[in-house]
Amino acid sequence: MAKLGAHACATDLPDIFPLFQENSRANGFQIQTEGAPVSCENSGRLMFRSMRWGVDTLPQEKFELILGSELLYWGGWGLFDEDP
């Protein structure tokens, strides 16, 4: 969404931040610090926030649109292990 001009805030578990940085760089965003928004030429802004649902407090910003992906996580395996 940020590539299309939106101001986007991605949330995930803290361990995901390095992977988020790598994917962001591949799309033209240089994310260096968690919680700091960055811009990309001819695009919107993108930031990452660590969030453990049910533990951390929700961001206080107001959002026009909320998108969800892979919202169910029940644990029990290593985050980057191959699926059985």
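Reader: Which residues are buried in helix 1?

Author: In helix 1 (residues 17-26), the buried residues are F17, F20, Q21 and S24. Buried means under 20% relative accessible area, exposed means over 50%, and partly exposed lies in between (1.4 Å probe, protein chains only). Helices (H or I, at least four residues) and strands (E, at least two) are DSSP runs, numbered from the N terminus.

Reader: Why are they on the same side of helix 1?

Author: Because they cover an arc of only 105 degrees around the axis. That arc is taken over the directions from the helix axis to the C-beta atoms.

Reader: What covers the buried residues of helix 1?

Author: The cover includes strand 1 (7-12) and strand 3 (45-50).

Reader: How many aromatic pairs does the structure hold?

Author: The structure holds 2 aromatic pairs. In one of them, F17 and F48 are tilted, at 5.2 Å centre to centre and with 40 degrees between the planes. This pair links distant parts of the chain, with F17 in helix 1 and F48 in strand 3, 31 residues apart. The rings of F20 and F48 also form a tilted pair, since their centres are 4.9 Å apart and their planes stand at 40 degrees. F20 lies in helix 1 and F48 in strand 3, so this pair ties together parts that are 28 residues apart in sequence. Rings of Phe, Tyr and Trp (its six-membered ring) pair if their centres lie within 6.5 Å; planes under 30 degrees apart count as stacked, over 60 as edge-to-face and the rest as tilted.

Reader: Which residues form the aromatic cluster? Buried or exposed?

Author: F17, F20 and F48 form one aromatic cluster. F17 and F48 are buried, and F20 is buried as well.

Reader: What does Q21 touch?

Author: Leaving aside residues up to four places away in sequence, Q21 touches I31 and Q32. Contact means heavy atoms within 4.5 Å. Q21 has its place in helix 1 and is buried, with a relative accessible area of 14%.

Reader: What happens just after helix 1?

Author: G28 takes a positive phi of about 90 degrees there.

Reader: How many salt bridges are there?

Author: A search of the whole structure finds 1 salt bridge, that is, a side-chain nitrogen of Lys or Arg within 4 Å of a carboxyl oxygen of Asp or Glu. D56 forms a salt bridge with R52, and the closest N and O atoms are 2.9 Å apart. D56 counts as partly exposed at 26% relative accessibility, as does R52 at 39%.

Reader: In what order do the elements run?

Author: From the N terminus on, they run β-α-β-β, which comes to 1 helix and 3 strands. Of the 84 residues of the protein, 19% count as buried.

Reader: Which element has the lowest mean pLDDT?

Author: Strand 2 (residues 38-39) has the lowest mean pLDDT among the elements (70), and helix 1 has the highest (87). The mean pLDDT of the protein is 77, and 79% of its residues reach 70 or more. Here pLDDT is the predictor's confidence in each residue, from 0 to 100. Where pLDDT is low, the predicted coordinates should not be read in detail.

Technical notes. Residues are numbered from 1 along each chain as its sequence is written. This is a predicted model: local features need pLDDT of at least 70, side-chain atom pairs count only at pLDDT 80 or more; totals for chains, interfaces and linings use all residues. Side-chain values use heavy atoms; hydrogens and water are left out.
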